[in-house]
Amino acid sequence: MQTFNAAQRMAESIMARTPKLYEGKGYEGKWSYDYGVVLKGFELLWKQTGDRRYLDYIRDNMDHFIQEDGSIRGYRPEEYNIDHINNGKLLFTLYRETGEEKYKQAAGLLRSQLASHPRTSEGAFWHKEIYPYQIWLDGLYMGSPFYLEYLLTFEDGAGLDDVTKQFKLCELHTKDEATGLLYHAWDEKKAQPWCDPATGLSPNFWGRSLGWFVMALADSLELLPGSHPDYPELKRILSDTLRALRSYQDPGSGVWYQVVNEGGRKGNYLEASASSMITYAIAKGLRLGVLAPQEWQDCLDRAYRGLLEEFVLETKEGWLNLNKNCQVAGLGGADRRDGTYAYYISEPIITNDQKGLGAFLQACGEYEARVPAAAAKGEQP
């Protein structure tokens, strides 16, 4: 594979294979958060290249759901599912670029869910109404960057403390002091079968949940005014979490395992989506100036090379495949998902999962943009 164009080559592969993200096995037209992960990758490439096809791809996929009156096909606010907020991140760009009111109205509809979304006693959003009193790391990515951008765009930046509070509460309740890693979830009531009855914590460090969390922090730090009192705290949380993850970066491949801290354990495997998400957060943290190049560039270079070498294969058509993606993982519910090590390694491992593809697009887009920029300055990338 030619170096430093993996993001655009993967974007071309996605457009050729999947012109409609919402079709195909497992999607069947559902309003699924996966699309937003992929489309944020296309948004980054569009901003970097100006290639209108990337914006058109975003619009074509979102317009299947966004109706002329601002309603959203398949979306029910009363489900109070934080995952359903994620796709709304694309509405800001679509509204700015087209001026069409339906995008603003749809964003307002998603915002209205957050206005009444159930919370823990301290004010953290539940992951879903069907998962009461629970903070999942995943939810910080799904809800917080959208919430922050909505407040800045349409509410004059009022109430930003409510966004930053989500991160502070999440770290407070899920962080393991021994490793610095964050557990996948916490149950305030300490009642779920998967949680420790003394702490309320789930039992393992799932790679993608940590990936969601650091992506959410990087995206929020890009939006949050540097003058906000909590900016230094979110910066610290990102740095601390990434340092903890760096301790578990696989020395041979440069990427991360499905269960982050169990690299040598039977059944564990190097996982593409988590590795892409962590790589993205490091690259973006460097671009934003919240991480120092002298501390992070080597880690990032090894991670980027690892993504390409460990997970990417080229097909006979010249498309890129992304292998070794955990299809899905969660806690509780009808499937009685118990959060054990055996559970996390038992979920299906698939190729070209949309969550992985979207994270890979964003990781490579951030990294590859650093290369020409650094070369122009006569620096290392």
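Let me start with residue classes: Ala, Val, Leu, Ile, Met, Phe, Trp, Tyr, Cys and Pro count as nonpolar, Asp, Glu, Lys and Arg as charged, and the others, Gly among them, as polar. This is a predicted model, where local features need pLDDT of at least 70, side-chain atom pairs count only at pLDDT 80 or more, and totals for chains, interfaces and linings use all residues. Residues are numbered from 1 along each chain as its sequence is written, and side-chain values use heavy atoms, with hydrogens and water left out.

Now the empty space. Rolling a probe the size of a water molecule over the atoms shows where empty space is left. The search runs on a 1 Å grid over the protein atoms alone. A cavity is a set of points where a 1.4 Å probe fits but cannot get out. A pocket is an open set with protein on both sides within 12 Å along at least five of seven lines. Lining residues have an atom within 4 Å of a point. Grid points are joined across faces, edges and corners, and a volume is the space filled by probe spheres set on the points.

Start with the largest pocket. Its volume is about 990 Å³. It has 41 lining residues, and Gly26, Tyr27, Ser32, Asp34 and Lys355 are the closest to its centre. Which helix gives the largest share of this lining? It is H13, with 3 residues. Helices here are DSSP runs of H or I, at least four residues, strands are runs of E, at least two, and both are numbered from the N terminus. By class, the lining splits into 14 nonpolar, 13 polar and 14 charged residues.

Next, the second largest pocket. This one holds about 350 Å³. Of its 20 lining residues, Lys40, Glu43, Lys47, Glu222 and Lys284 lie nearest the centre. The largest share, 5 residues, comes from H2. The classes are 6 nonpolar, 3 polar and 11 charged.

H2 also packs on another helix. H2 (residues 34–49) and H4 (residues 89–98) meet at an angle of about 40°, with axes 9 Å apart. Axes are lines fitted to C-alpha atoms, for helices over the stretch in contact, and angles run from 0 to 180 degrees between N-to-C directions. The pair is therefore oblique; under 35 degrees counts as roughly parallel, over 145 as roughly antiparallel, 65 to 115 as roughly perpendicular and the rest as oblique. On the H2 side, the contact (heavy atoms within 4.5 Å) is made by Gly36, Leu39, Lys40, Glu43, Trp46 and Lys47. On the H4 side, Lys89, Leu90, Thr93 and Glu97 make it. That contact has 3 nonpolar, 2 polar and 5 charged residues.

Now the cavities. How many of 30 Å³ or more turn up in the whole structure? The search finds 2.

Arg52, Leu55, Asp56, Arg59, Leu94, Glu97 and Thr98 line it. Helix H3 (52–62) and H4 each give two or more of these residues. H3 gives the most, with 4. By class, the lining has 2 nonpolar, 1 polar and 4 charged residues.
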